[in-house]
Amino acid sequence: MNLEQVRSKIEGLLKSTYSRDMIDIQQQINQNSIMGYDLFLKQLLFEVYYEYYLSLQVPTQSLHEMYKEKLVDSFEQSDIFVNDNKYAKLKRTYKQFRKHNDEIAEDYNLYDQVEYKELTSIEEKMKGHSVKEYQKDQLINLIDFELFKHIKNGTICRSKSVSDSRLIDMLKELDELYNRIEKNFPKSSFLRSVQYYQLEINCRLETFYYIATALDKVDRSLDQKKEDIKKFQSFSAVCNENSLFQTKFVYGIRKYIDEYVNNPEYIESIPQELFQLSQIKHFIRSHVLKYIKDNKITLHFDDIESICHDFFGRGQHIVSEKKWEDIKLINFRSLYQE
């Protein structure tokens, strides 16, 4: 099944399910959302290929094998394999962050994405947990970049736990992280997109920096900005009385922040708009992936290379030359509060 066939399947479902009163879904999204149909469709196409890619991934290497491998690929510059204490840290890091991600998956009723299991037999414990190929680099990054620990623990929100100067130092290390992604996946815009996508939807570092700069630009009271920050958290998750969705939009959300700068009152519309788009996206993506699975269809990742190259496979969502000292860090921190 090639890209155009996937696109046709998606658009067919969109039109048959959501078009009404002689107004097709493309016109509805263009009229009623800042994001627009083209960006929405690109995001949906990427997510279909992304979820299909994850469905093919199986654990390929145990943590102990990964430890013994030492100098391979991107691990050449890392010292995590120097001694058993480092191996213990590798195992501990895997457990902490895998269980953290599993809890997030359970929050969104994505039980098929829960991976961590307690090892019971001596043989299992000797071998250790197994990791998927795309998770290896992420594990190294979790160890090497202290910032992720503070995001996971929620201490990023508190200056008593992490001073402003220390936080700025950690945030300035992001360029090194992005350089690793470029180095480790030099030939595939799709695989770079997978890494950028997982990083952004789980940490929202670029999104929250961009929001913090926007909050500095608008003429709003402190109380108004506190309320605005609560609504901006819809970029991470949206809900109503019946449903909860991880938002997952990456490239198109800057349009909402730019609109907020021009018209701060628009913030009132953003959570509901993102909820409706997330609901549509979830429904269509689930049906397309079920169709692919039921019919044993194969997707080819080369097909989506050009879209990823032009979407966020080159880090187009990344704000270049960030000036962390110039923003109000209290606003950036507040975006991580639950």
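**Cavities, a pocket and selected residues in the predicted model**

By class, the lining of the second largest cavity comprises six nonpolar residues, no polar residues and one charged residue, where Ala, Val, Leu, Ile, Met, Phe, Trp, Tyr, Cys and Pro count as nonpolar, Asp, Glu, Lys and Arg as charged, and the others, Gly among them, as polar. This lining is formed by Phe 145, Leu 147, Phe 148, Met 170, Glu 173, Leu 174 and Leu 177. Two or more of these residues are given by each of the elements α8 (147-153) and α10 (174-184), helices (H or I, at least four residues) and strands (E, at least two) being DSSP runs numbered from the N terminus. The structure is a predicted model, in which local features need pLDDT of at least 70 and side-chain atom pairs count only at pLDDT 80 or more, whereas totals for chains, interfaces and linings use all residues. Residues are numbered from 1 along each chain as its sequence is written, and side-chain values use heavy atoms, with hydrogens and water left out.

Rolling a probe the size of a water molecule over the atoms shows where empty space is left. On a 1 Å grid over the protein atoms alone, a cavity is a set of points where a 1.4 Å probe fits but cannot get out, a pocket is an open set with protein on both sides within 12 Å along at least five of seven lines, and lining residues have an atom within 4 Å of a point. Grid points are joined across faces, edges and corners, and a volume is the space filled by probe spheres set on the points.

With neighbours within four places in sequence left aside, Ala 214 is in contact (heavy atoms within 4.5 Å) with Ile 257, Tyr 260 and Val 261. Ala 214 and Gln 96, which are 118 residues apart in sequence, lie 33 Å apart in space, C-alpha to C-alpha.

The second largest pocket holds about 320 Å³ of space. Its lining consists of Leu 222, Lys 225, Lys 226, Ile 229, Lys 230, Gln 233, Lys 328, Ile 330, Asn 331, Ser 334, Gln 337 and Glu 338, with α13 (222-232) and α17 (329-334) as the elements that give two or more residues. Helix α13 gives the most to this lining, with five residues, and the residues of the lining divide into three nonpolar, four polar and five charged.

In helix α2 (residues 25-32), the buried residues are Ile 25, Gln 28 and Ile 29. Seen down the axis of α2, these buried residues fall within an arc of 95 degrees, so they line one face of the helix, the arc being that of the directions from the helix axis to the C-beta atoms. An α-helix has 3.6 residues a turn, so residues three or four places apart point the same way. The cover over the buried residues of α2 includes α1 (3-18), α3 (37-56) and α15 (270-294). At the N-terminal end, α2 is capped by Asp 24, a side-chain oxygen of which lies 3.2 Å from the backbone nitrogen of Gln 26.

Positive phi values occur at two lysines. Phi of Lys 248, a residue other than glycine, is near 70 degrees; this residue lies in the loop between β4 (244-246) and α14 and, at 8% relative accessibility, counts as buried. Lys 296, likewise not a glycine, has a positive phi of about 50 degrees and is found in the loop between α15 and α16 (305-310), but Lys 296 is exposed, with a relative accessible area of 74%.

Notes. Buried means under 20% relative accessible area, exposed over 50%, partly exposed in between (1.4 Å probe, protein chains only). A polar contact is a pair of N or O atoms within 3.5 Å; within protein, one must be able to donate a hydrogen and the other to accept it, and residues adjacent in sequence count only if both atoms are side-chain atoms.
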